[in-house]
Amino acid sequence: MIKKTVRSALLGLAMTTAALAATAQDAYPSKPIRLVVPYAAGGPADLLARGVADKLAPRIGQSVVVENKPGAGGHTGGEQVAKGAADGYTLVLATIAHNGATKLYPNLRYDPNTELQPVILVAESPSVLLVRQDLAAKSVSELLALMKAQPGKLSYGSAGNGSAMHMAAELFRYMSKTEVVHVPYRGGAPAMTDLLGGRIDFMFDSLGTAHQHLPSGKVRALAVTSTKRNPSLPDVPTVAEAGLPGYASVPWYTISAPKGVPMAVVNKLNAEINAVLKDADLVKRWDSLGVVVLGGTPAEAARRNQDETKKWSAVIEAANIKLD
């Protein structure tokens, strides 16, 4: 009799838990969602976040507000989300800084690997190596020759310490055994402003944002960072084929939530954003910019982050990459 009572109680508890989860999923969202971009407006992460937000809002019947929170190489915004309410109403567009290059930050006040919960892989986008228009280098080989002839003289810009731009350039420096000056900014857009103005010599920008600046002639594309040429820039070689064999660096982007958000909410977000990533207009636009749409399950996003963390932790240690 006692065993039967216990079984009945456990069954009742399980049914209640399932009902509550279903209710949470059905009721969510009941108010606007905030999507934090931890970099300045106008950069690659901002571009992707706004593309998702614009398509997601009408699907869920609530506003999706993109909020730029730059600083600390992306960790000002990342920490704010990680420490926020685990209710699914505050998300972050996470990058390599949060998902792969955490070894670069031994003194963070939070742990992105355990305090941020991946919701979905959004996209990946190769970077493109850009130089200012008057730099005496029209190929990767010429740039490397210039860097070796003037060690520590040339400068490159990035979206901040640990950003995809920073990691791509540091891998380039390490593999080519050269020395350059890193100038970290609070996002890719201000770095591009200084490249256009000739105040820095080169940068690794996302293809998604580089396209709008190439027609001006104020920057020159030398190579893409993927293992194959990108269809959006078919005449631009890869870094590997243009002078640095074995080089590859492909930034990826994840939408994450604070750890502890109910899985019913995570799964609903995942399903809705997966639908957004199949939107024909979004796919066409991103494809024209060289951005590859991903999607998939939360578990797949977590695995990608774990694999990339192992890879980039090894690079950071081997290349002795430091904060600037």
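This is a predicted model: local features need pLDDT of at least 70, side-chain atom pairs count only at pLDDT 80 or more; totals for chains, interfaces and linings use all residues.
Residues are numbered from 1 along each chain as its sequence is written, and side-chain values use heavy atoms, with hydrogens and water left out.

**The sheet**
- Five strands make an open sheet with mixed pairing, in the order E7-E6-E8-E5-E9; strands here are DSSP runs of E with at least two residues, numbered from the N terminus, and two of them pair if DSSP finds at least two bridges between them.
- Strands E7 (181-184) and E9 (219-224) sit at the edges with a single partner strand each, so one side of each has no neighbour in the sheet.
- From one strand to the next, the twist averages 30°, with angles running from 0 to 180 degrees between N-to-C directions of axes fitted to C-alpha atoms, for helices over the stretch in contact.
- E6 (residues 155-158) and E8 (residues 202-206) pair in the parallel sense over 2 bridges.
- Tyrosine 156 stands opposite phenylalanine 202 in E8.

**The helix on the sheet**
- Helix H7 (residues 164-176) packs on the sheet and touches E5 (127-132), E6, E7 and E8; contact means heavy atoms within 4.5 Å, and a helix is a DSSP run of H or I with at least four residues.
- The direction of H7 makes about 130° with that of E8.

**Isoleucine 273**
- Look for isoleucine 273 in helix H11 (residues 263-276).
- Isoleucine 273 is buried, at 1% relative accessible area (buried is under 20%, exposed over 50%, partly exposed in between, with a 1.4 Å probe and protein chains only).
- Leaving out residues up to four places away in sequence, isoleucine 273 touches Val52, Leu56, Ile120 and Ile255.
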